[in-house]
Amino acid sequence: MNINMGTYIAALCIIAVALLMVVKNYFNIKKSKNHATPEEDSMFKLAKTIREGAKVFMKTEYRTIVPVVVLIALGFSLFIESTSGLTFALGACMSSAAVFIGMYGATYANYRVARRAFKSKSVGRTVWTALKGGSISGLSVQAFGMLGITIIYIIQYLFFKDYSTGHGLIAGLECDANIMRCTTYALGCSTVAMFNRVAGGNFTKSADISSDILNKLRHDLPEDDPRIPNVLADFIGDNVNDIAGNCSDLLESFVATLVASSLIAGIVFKQNGSTATDLYNLTCLFPVVIATIGLFGCVIGIGTAMLRKESMGENPAGELNLVTYVSAGITIAGSLIVSYAMFGEIEVYPNWKAGWLSPCIAALLGIISGVGIGKITEIYTSTDYGFVKSLAKVSPEGAAFLVTLGDALGFRSCLPPGIAIAASIVLSYITCGLYGIAIAALGMLSFVGATVSIDAFGPISDNGGGIAEGCHLDPEVRAITDKLDATGNTTAAIGKGFAIGSAAYATVSLIFAYVGNFTDGEITLNMADPITIAGGLVGAVLVAYFMALLMYNTIDAAVAMADAGDKQLTDHPGILTGEEKPDYEAIIEMATKLALRKMLIPSILAIVIPIPCLLLGYEFVGGMLVGATFVAIPMAIFMGNSGGAFDNAKKYVEEGLLEGYEKGSDAHKTTVVGDTIGDTRKDVVGVALDIFIKMMSTVANTLAPVFSSVRLF
């Protein structure tokens with residue numbers, strides 16, 4: 001059997017195993033049990049309401065997404081390349097499949113976590129349940145992302161082996177049809193990710209902020225008190241953003257990196273003027289092999305944790321780290337073996353300084369930097385370290401001190417991950433040339449299934465705790481869910497750091513691939529060219545404008561929702577006394593309409609902006625992509641880490657760890673202000689910035705061949 005086809009079949013087999021594990025865990029989490037107590041029945045009903053609200057939001061959102069996807073797909077097929085519309089739609093479908101399965105799995109897992117804590121009174125058993133729910137999201141992301149691109153590779157191998165010029169059904173614009181199919185697949189994933197992140201972020205944070213305003217500031221009630229109508233929308237938001245949005249975000253990074261690796265393999269082959277087509281084919285195939293090994297590592301890592309059901313201890317972070325270490329270890333060992341198997345017996349490119357070992361070293365550098373960025377994020381955002389403790393300790397001095405110190409913490413946290421990314425880029429380039437940078441990016445994302453599984457643990461635990469609070473369960477139960485929630489806050493912050501780091505790698509790879517469309521030999525972009533500088537400035541200010549749009553939209557929606565919730569409490573005083581039920585549906589409907597109305601301009605901005613700019617020449621667009629990346633990466637790190645630190649500083653005070661200050665104190669209210677500021681930063685702006693730069697880079701790569709011979713000057 002041909003090595004290419006054998007590899008693709010092996011990939012499909014591992015994908016099938018991963019999806020079988022998803023199905024098994026999904027139905028295990030979903031299955032209904034007898035509700036023996038009134039508390040269980042109450043939890044089940046509340047969880048069902050959350051699930052139905054999440055379904056309504058997603059169905060409403062996709063009424064907007066589907067027409068946009070159809071229109072763009074038709075445009076590609078009619079005017080650029082006839083099959084590229086189908087691959088664009090395939091990307092959108094694969095991303096959507098992971099989103100829906102992950103989110104629905106999480107909404108069932110929320111109830112299971114609360115019920116497990118209630119029944120077992122065991123942290124370990126509850127961790128096991130939350131991780132099982134998270135694995136549905138994580139494995140879906142990597143499996144569906146790989147499934148779509150593997151199908152495209154198989155079809156191209158069987159029917160489109162040679163270069164072919166793309167022809168649309170109406171127009172016949174010159175482009176490489178094989179490349180166009182891959183880039184449009186990535187663009188389909190990006191489009192869904194952008195809509196999910198922007199709409200989901202606006203929904204969840206407008207609900208969360210308005211809920212905090214009503215609960216903690218206006219009415220001095222406990223967090224997640226179900227008498228506040230906005231609380232239920234907050235629960236729903238955790239699922240549509242932290243689960244659905246994150247799934248589509250990291251799936252898009254993973255796919256973009258796979259595609260960029262193949263594009264750069266072609267550019268490197270062309271640079272060397274080589275006739276070694278075997279080496280070229282292997283460099284195109286190697287990313288698929290690494291991704292397959294990574295997915296296999298995730299299955300084993302998560303499976304190992306699942307087998308520890310009875311022996312999971314009281315340390316949630318340790319159990320979650322086990323999944324990462326097993327997945328990463330298998331990926332590293334596998335990459336070493338396949339590097340030798342694929343490149344050990346042939347002559348490699350001259351700039352592969354370590355010979356056949358070079359791609360493995362590049363992948364290892366990406367893995368190390370990914371784990372390192374996660375650890376750095378943990379240090380700056382976890383209550384176990386001094387930064388968050390110092391933030392909590394300054395809270396008695398007032399909001400001005402807290403916010404200023406939080407800003408300083410966020411900006412300070414940009415340096416270590418920035419150096420880690422830069423060092424990895426330089427070392428991978430020295431070791432394996434331009435191809436090494438793409439493989440380092442892929443190495444970081446090769447076990448993304450485990451990363452997303454651990455990240456999803458956070459919102460599942462948070463919602464489980466919210467259900468426990470809303471159903472007035474024993475403090476002992478809430479103590480268990482609070483412990484998981486605190487761990488989840490850190491894993492979520494680590495996940496955001498990982499997403500930002502992976503975005504940096506993916507974008508750098510895509511920028512190199514973009515410039516490679518216009519240059520022969522060495523890839524260069526003259527940063528001293530006035531056109532390039534102008535493009536860089538435009539890219540930088542576009543990021544600032546994008547951030548401003550998201551902030552305005554979220555706060556506008558949050559204020560409107562807080563006022564609407566307050567009006568319910570004023571018009572119906574029986575709600576606070578427990579004599580009447582809040583009108584949850586009205587608030588959920590309002591949050592949905594506001595989120596969908598406000599998502600269009602920011603989402604379309606990333607798609608549309610590169611198109612007219614391509615007419616100004618590749619130098620302008622190259623500068624724009626570089627400028628946007630240089631501003632977006634540190635700002636995303638700042639937003640994510642300062643927001644995560646604000647959130648955990650509030651948790652630190654609420655857990656009674658700040659001596660002399662408890663819930664309801666002035667210091668606590670100050671941390672609530674910080675958390676409210678941090679919510680917009682970490683869950684709206686920071687997470688959307690990485691998609692913004694990836695999407696612009698993907699659009700530029702997709703359309704570059706079409707505009708290569710067209711420019712205004």
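This is a predicted model: local features need pLDDT of at least 70, side-chain atom pairs count only at pLDDT 80 or more; totals for chains, interfaces and linings use all residues.
The ring of Phe343 pairs with the ring of Trp352, and because their centres are 5.1 Å apart and their planes stand at 80 degrees, the pair is edge-to-face. Trp352 also counts as buried, at 3% relative accessibility. Both belong to a cluster in which ring pairs link Phe286, Phe343, Tyr349, Trp352 and Tyr435.

Across the model, the count comes to 17 aromatic pairs. Another of them joins Phe44 and Tyr111, whose ring centres are 5.5 Å apart with planes at 80 degrees, so this pair is edge-to-face. Since Phe44 lies in helix α2, residues 38–79, and Tyr111 lies in helix α3, the pair ties together parts that are 67 residues apart in sequence. Phe44 is partly exposed, with a relative accessible area of 24%, whereas Tyr111 is buried, at 3%.

Let me stay with helix α3, which covers residues 84–120, and turn to its partner α6, residues 230–271: their axes come within 9 Å and cross at roughly 145 degrees, in a right-handed crossing. Among the residues that meet there are Met94, Ala98 and Gly102 in α3, and Val240, Ala244 and Leu251 in α6. The residues of this contact divide into ten nonpolar, six polar and no charged.

Finally, helix α9, residues 358–381, has 24 residues and reaches 35 Å from its first C-alpha to its last, close to the expected 34 Å. Because 17 of those 24 residues are buried, α9 is largely enclosed by the rest of the structure.

Technical notes: Residues are numbered from 1 along each chain as its sequence is written. Side-chain values use heavy atoms; hydrogens and water are left out. Axes are lines fitted to C-alpha atoms, for helices over the stretch in contact, and angles run from 0 to 180 degrees between N-to-C directions. Helices (H or I, at least four residues) and strands (E, at least two) are DSSP runs, numbered from the N terminus. A crossing is left-handed if the near helix is turned anticlockwise from the far one by less than a right angle, and right-handed if clockwise. Contact means heavy atoms within 4.5 Å. Ala, Val, Leu, Ile, Met, Phe, Trp, Tyr, Cys and Pro count as nonpolar, Asp, Glu, Lys and Arg as charged, and the others, Gly among them, as polar. The expected span of a helix is 1.5 Å times one less than its number of residues. Buried means under 20% relative accessible area, exposed over 50%, partly exposed in between (1.4 Å probe, protein chains only). Rings of Phe, Tyr and Trp (its six-membered ring) pair if their centres lie within 6.5 Å; planes under 30 degrees apart count as stacked, over 60 as edge-to-face and the rest as tilted.
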